[in-house]
Amino acid sequence: MNTLARLKHFGAETYDVFNRNKTSWVGLLLLFALLLVALLAPVLAPYNPVEQNIIQRLQPPSSQYLLGTDYYGRDVLSRIIWGCRVSFVIGSISVALAMFFGTIFGSFAGYKGGYIDSFVMGVMDVLMSIPILLMGLLIVAILGPSKMNLIIALALTMIPRFARIARAPTIAAKNKVYVEAGRAMGFSDTRILVVHIFPNILGDLMVMGSMWMATAVRTEAALSFIGLGVNPPTATLGGMIREGFKDILSAPWASLYPGLVILLIVFSANLLGDGLRDALDPKLRNEK
Amino acid sequence: MENYEYVLEVENLSTAFKLKSGWYRATEDISFTLKPNETLAIVGESGCGKSVTAYSLMGLLPKHGSRIDSGTALFKGENLLTMPKDKLRKIRGSAMTMIFQEPMTSLNPVLTVGSQIAEAVFYHNDQSKAAAKQRALELMDMVKIPAPESRYSDYPHHLSGGMCQRIMIAMALACKPDLVFADEPTTALDVTIQAQMLYLLHELKQTQQMSMIFITHDLGVVAHVADRVAVMYAGNIVETAPVKELFENPSHPYTRALLQSIPRLDRDNKDIAPIQGMVPAIDQMPPGCRFYSRCERKNECRPDLFPALKELKDSPNHFDRCLLNE
């Protein structure tokens, strides 16, 4: 079989396993829809998200402003659409970075064992003992609030989590006979780690990636909420909740709807994570 | 071909492991030689140090908690035990390879079997990936896997145990090794497949010009595959001899007792005699002969002398480690 056929085979198999857990389709489609909305923000958003209109401020949802307007008279729907974009960019980049470095640290420590393992994981444990929000707060406070710094802060707080997640299956895999056999074939440690162990732990990592994506979006929202997120007037979901908060009783739509969208993102990412876990588990794949 | 009489010449190899109360030798004073194209079977019960010997020679002992106390092991004239790790790693997998006991778990479950063979070829030879794949297909054909092209992209769980073991053999032979360690390669397979494997290995040994060290606890298998046999007991080689000589004239009391304790079709099985007693624990090894406490001739012997492995006077090439045969 050539590469294309193998890819098709892999896809078909994944599709089968994915099908067993119907809710994972809900997660995937929902996340995909939200992603599409974020991507098509310039087309979809009916108004400019930062354009203020004092006359129209705090308007309730109507046919003109589908989800109402905020304190500055900006269209909530347009801001949500653009805010999705920021949330997705921050969430996915920070998770990707954390996954990359966390996997390197964790699997290296797990594979080497001994003092290296104790040292690396000791450092990770210390980092992990600080709550994610506090840690993010600290880093943003030091570096200053900006989109880039927020990504760095979130990535740094998640690296120890991914290191832990990568380490455990690495240790399990390194004691398998096929790793022993790889050593008997004279393969170098790097090759064994990258070619033989990594594909075996990828499933676990993908699952955790989708789950932590939800956390990253949530934390970004929380940091924005306390004013340490992305600078105004850029629309972010968390920032919108904060700005709408002072009028929550008279105009709840300004913070309610962005809150619901955060809920949707977190919810769909979690569902997708569940489905991925099944789809990528070699044991479930093996069942014919 | 370089100039050497023996593919492998092991002398006085001792490997120790760390227990809570200190270092203990799992194998002691292992010495044997292996000629080109020869098959040496190492037999012995579980825990007698067969695999430890192989792992010591391959440099596959765990980094922590084990060490090689003494000995030399000349592989084609070069000492494996003092060689730089990188050099040993290059020899391992190309000139010296290993077939494992559990074929189903020895293959990586997430990689196709063909790519795993190709990787072995690709890694040790300066070849393109396409050439490595071609060679992998040849190897699959050589180990008699039907329709190699369609099996190439199968995953290990698609194949049976016997097929997986064929793949392992193909991997081990990928770089035309001079020496193959077969660590109980048939133990996990059922009897008919065992016979197929032994036949295949025998045939490959003829065509591929390689020496083999066959580790097993099955004397029936030994009789099939081996040219020479080394019998191990409690970390020592107690007797080595050409296979026919060993079965006809066993000289060490342990070998004799072992042969007597196996039921055979061509013998009245009433006189099957189990060996009384237990193997001494690793931290309670006696100073003298390790078999002394269970030996049927211990009354004629003394417990405090450690016998050396020496050639018997009346039969050349037959060595044993018994005070009574001195």
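Leu179(B) stands opposite Ser211(B), a residue of strand 8 of chain B. The two strands concerned, strand 7 (residues 179-183) and strand 8 (residues 211-216) of chain B, run parallel and are joined by five bridges. Strands here are DSSP runs of E with at least two residues, helices are runs of H or I with at least four residues, and both are numbered from the N terminus. Two strands pair if DSSP finds at least two bridges between them.

Before going further, please keep in mind that this is a predicted model, in which local features need pLDDT of at least 70 and side-chain atom pairs count only at pLDDT 80 or more, while totals for chains, interfaces and linings use all residues. Residues are numbered from 1 along each chain as its sequence is written, and chains are lettered from A and ligands numbered from 1 in the order in which they are written.

**The sheets of chain B**

A hairpin of two residues connects strand 1 of chain B to strand 2 of chain B. Within that pair, Phe17(B) stands opposite Tyr24(B) of strand 2 of chain B. On the pairing with strand 4 of chain B, Val10(B) has Ala73(B) as its bridge partner.

| Strand pair | Direction | Bridges |
|---|---|---|
| Strand 1 (residues 8-19) and strand 2 of chain B | antiparallel | nine bridges |
| Strand 1 and strand 4 (residues 66-75) of chain B | antiparallel | eight bridges |
| Strand 7 (residues 179-183) and strand 8 (residues 211-216) of chain B | parallel | five bridges |

As background, strands of a sheet pair through backbone hydrogen bonds, either parallel or antiparallel.

**A covered helix in chain B**

Helix 4 (residues 113-124) of chain B has twelve residues and reaches 18 Å from its first C-alpha to its last, close to the 16 Å expected at 1.5 Å a residue. That expected span is 1.5 Å times one less than the number of residues. Helix 4 of chain B is mostly covered, with ten of its twelve residues buried. A residue is buried if 20 or more other C-beta atoms, placed from the backbone, lie within 10 Å of its own, exposed if 12 or fewer do, and partly exposed in between. Among the buried residues of helix 4 of chain B are Ile117(B), Val121(B) and Tyr123(B). The buried residues of this helix pack against helix 5 (129-142), helix 6 (148-151) and helix 7 (161-172) of chain B.

**Chain A**

Chain A comes to twelve helices and zero strands. Of its 288 residues, 44% count as buried. Its pLDDT (the predictor's confidence in each residue, from 0 to 100) averages 80, and 90% of the residues score at least 70.

Helix 2 (residues 22-39) of chain A has 18 residues and reaches 26 Å from its first C-alpha to its last, close to the 26 Å expected at 1.5 Å a residue. In this helix, Ser24(A), Gly27(A) and Leu31(A) are buried. They cover an arc of only 55° around the axis, which puts them on the same side of helix 2 of chain A; the arc is that of the directions from the helix axis to the C-beta atoms. The face turned away from this buried side carries the exposed residues Lys22(A), Phe32(A), Ala33(A) and Leu36(A).

Thr234(A) lies in the loop between helix 9 and helix 10 (237-245) of chain A. With 18 other C-beta atoms within 10 Å, Thr234(A) is partly exposed. Thr234(A) and Gly83(A) are 151 residues apart in sequence and 7.9 Å apart in space, C-alpha to C-alpha.

**Where the chains meet**

18 residues of chain A are in contact with 25 residues of chain B, contact being C-beta atoms, placed from the backbone, within 7 Å. On the side of chain A that touches chain B, two or more residues each come from helix 8 (177-184), helix 9 (189-225) and helix 12 (282-286) of chain A. Helix 8 of chain A gives the most, with five residues.

Methods:
Contact = placed C-beta atoms within 7 Å.
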